[in-house]
Amino acid sequence: MRIEFKALSKTFGTARAVRGFTATVDRPIMLGVIGPSGAGKSTLLRMINRLTEATGGACLVDGTDVLALRGGAKRRWQRDCAMIFQQFNLVPRLDVVTNVMLGRLNGMNTAASLFGLFARRDLEDALAALDRLGIAEHAMKRAEALSGGQQQRVAIARALMQRPKMILADEPIASLDPMNAEIVMQALRRIHEDEGITVICNLHTLDTARTYCDRVIGMRLGEIVFDGAASELTTSAAREIYGAGAAFNEAATSTSLDALAATA
Ligand SMILES: Nc1ncnc2c1ncn2[C@@H]1O[C@H](COP(=O)(O)OP(=O)(O)O)[C@@H](O)[C@H]1O
Ligand SMILES: [Mg+2]
């Protein structure tokens, strides 16, 4: 899948959340988007998935501008790019395996989905997805009974049920402790590798981007201020992204155990 962002832009009133975002992804990669709060990271993902409409530019996926799709084609695209959110967005009182099967809803006819008539095949696939994420033993529990890290893995299993061609993860580890953050990032990385699909992952921490991503785009005030290999993400590049002066402290943007210990 080839993705070309051409001057993708979003303004809210007079505020420019994303300005002229231009980049090409020509093979499946794990792409990290980093930047401080308000940089435009969520707006970028929401435009790609059509949760919010861009006010300018294009997003060409294998040559088709997905921002121009309507009706069924738009819904198919939304299924093709599965979203993962910071707050998991599960149905808390519903059991885990049913939450995962909800990932199939877009592909079902409305009457069948209303009555919860999932096919046996959906159940088998959901259990297999949970197993892949190492949480099959929690299948029958209510989602709310699981830890945050487990809930995020349920959300990833639900995303897999969409058979996505791309995964968009909006700060998937921002609510998790360092150990669970690592498990979730490893799960996303493995899905990228096993399925051969692009994962775009918004992160607010540098070290996570360096560890798990092939390429990193740094945003500040809606604009790209860095685009390169994770290994090129030097401290001075980080200063550019975070806009921090001499007082810049990398540990402040870090989730790692080492960095936490360093600030303790
Ligand atoms: N629905 C909205 N209405 C008005 N302004 C918004 C809305 N969503 C985001 N913004 C603004 O757009 C900018 C980028 O926000 P966002 O994409 O959420 O950044 P990030 O995810 O990097 O924290 C911010 O200035 C934010 O206040
Ligand atoms: Mg955000």
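Predicted model: local features only at pLDDT ≥ 70, side-chain atom pairs only at ≥ 80, totals over all residues.
Student: How do the strands of a sheet pair, and in which order do the strands of the open sheet of 6 run here?

Tutor: Strands of a sheet pair through backbone hydrogen bonds, either parallel or antiparallel.

Student: In which sense do β3 and β8 pair, and which residue is the bridge partner of Met30 in β8?

Tutor: Strand β3 (residues 30-34) and strand β8 (residues 198-203) are paired in the parallel sense over 5 bridges, and the bridge partner of Met30 in β8 is Val199.

Student: Which helices lie across strands of this sheet, and at what angles do they run?

Tutor: Helix α7 lies across β3, β7 (166-170) and β8, and runs at about 160° to β8. Helix α9 (residues 235-242) lies across β3, β9 (215-220) and β10, and runs at about 155° to β10.

Student: What should I look for in the pairing of β1, with β2 and with β4?

Tutor: Strand β1 (residues 3-12) pairs with β2 in the antiparallel sense over 7 bridges, with Phe21 in β2 as the bridge partner of Leu8. The hairpin of β1 and β2 has 2 residues between the strands, and in this hairpin Gly13 takes a positive phi near 60°. β1 also pairs in the antiparallel sense with strand β4 (residues 56-61), over 5 bridges, and there the bridge partner of Glu4 is Leu60 in β4.

Student: How is the packing of two helices described, and what are the values for α6 and α7?

Tutor: Two packed helices are described by the angle between their axes and the distance between the axes. Helix α6 (residues 148-161) and helix α7 (residues 178-195) pack at an angle of about 15° with their axes 9 Å apart, and α6 and α7 are therefore roughly parallel to each other. The crossing in which α6 passes α7 is right-handed. On the α6 side the contact involves Gly148, Gly149, Gln152, Arg153 and Ile156, which meet Asn180, Ile183, Val184, Ala187 and Leu188 in α7. Sorted by class, the contact of α6 with α7 has 5 nonpolar, 4 polar and 1 charged residues.

Student: At what angle do α5 and α6 cross, and which residues make the contact?

Tutor: The axes of helix α5 (residues 120-132) and α6 come within 9 Å and cross at roughly 135°, so that α5 and α6 are oblique to each other. This crossing of α5 and α6 is right-handed. Asp125, Ala126, Ala129 and Leu130 of α5 make the contact with Ala157, Leu160 and Met161 of α6; by class, the contact of α5 with α6 has 6 nonpolar, no polar and 1 charged residues.

Student: Which residues are around ligand 1, and which element gives the largest share of the shell?

Tutor: Around ligand 1 are Phe12, Ala15, Ala17, Gly35, Ser37, Gly38, Ala39, Gly40, Lys41, Ser42 and Thr43. The elements that give two or more residues to this shell are β2 (15-25) and α1 (41-48), and the largest share, 3 residues, comes from α1. The shell around ligand 1 divides into 4 nonpolar, 6 polar and 1 charged residues.

Technical notes:
Residues numbered from 1 in each chain as written. Chains lettered and ligands numbered in written order. Near = placed C-beta within 6 Å. Helix = DSSP H or I, 4+ residues; strand = E, 2+ residues; numbered from the N terminus. Nonpolar A, V, L, I, M, F, W, Y, C, P; charged D, E, K, R; others polar. Axes fitted to C-alpha atoms, helices over the stretch in contact; angles between N-to-C directions. Parallel < 35°, antiparallel > 145°, perpendicular 65-115°, else oblique. Left-handed = near helix turned anticlockwise from the far one by under 90°. Contact = placed C-beta atoms within 7 Å. Pairing = 2+ DSSP bridges.
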